[in-house]
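Me: I have some questions about how the labels on this model were assigned. Please set each value against its definition.

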Amino acid sequence: MERELLERLLVGSDEASVAALAALRCGGFYVVWDGTTSTEPLTLIYGRRLRHTRRRGIETVNLERAVELLGRHQQPVRLGQIRTADASWTFMLFLTQDGRRLITCTGVRRPQV
């Protein structure tokens with residue numbers, strides 16, 4: 001996916017999309033994978049991640065809302081990822097199967113090594 005198209009998809013008002021767009025524009029690494037994934041397993045996986053990050057006190061952005069939106073979405077999704085240039089944050093993107101619309105975005109602060 002072209003960087004410019006991804007930038008257009010991330011124009012939104014939620015904190016995660018704004019932060020992911022800023023990361024992308026500041027030289028962050030990104031990838032949008034080919035193929036799609038069912039939302040059922042993703043909802044379970046990200047629900048577990050939500051509980052894990054809460055227990056460990058790991059900073060996230062929009063994770064609870066992402067789990068909720070994935071649970072409601074009945075179609076397969078396409079996945080993408082953006083990492084900030086300093087690798088301090090990773091953002092997961094959940095796109096419609098044709099890649100033309102962002103369903104939701106979530107971010108997690110990465111541990112400093």
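Reply: The sulfur of Cys26 is 15 Å from the closest cysteine sulfur, in Cys105, which is too far for a bond. This is a predicted model, where local features need pLDDT of at least 70 and side-chain atom pairs count only at pLDDT 80 or more, while totals for chains, interfaces and linings use all residues. Residues are numbered from 1 along each chain as its sequence is written, and side-chain values use heavy atoms, with hydrogens and water left out.

Me: How many disulfides does a search of the whole structure find?

Reply: The search finds 0. A disulfide is a pair of cysteine sulfur atoms within 2.5 Å, and the Cys26 and Cys105 sulfurs are 15 Å apart.

Me: What makes Glu7 and Arg25 a salt bridge?

Reply: The rule asks for a side-chain nitrogen of Lys or Arg within 4 Å of a carboxyl oxygen of Asp or Glu. For Glu7 and Arg25 the N to O distance is 3.6 Å, so the pair qualifies. Glu7 is buried at 18%, whereas Arg25 is exposed at 54%.

Me: How do you know that Arg65, Glu68 and Arg72 are linked in a network?

Reply: Glu68 forms a salt bridge with Arg65 at 2.7 Å, and Arg72 forms one with Glu68 at 2.3 Å. Both distances meet the cut-off, so the three residues are linked in a network of salt bridges.

Note on methods:
Buried < 20%, exposed > 50% of the residue type's maximum accessible area, 1.4 Å probe, protein only.
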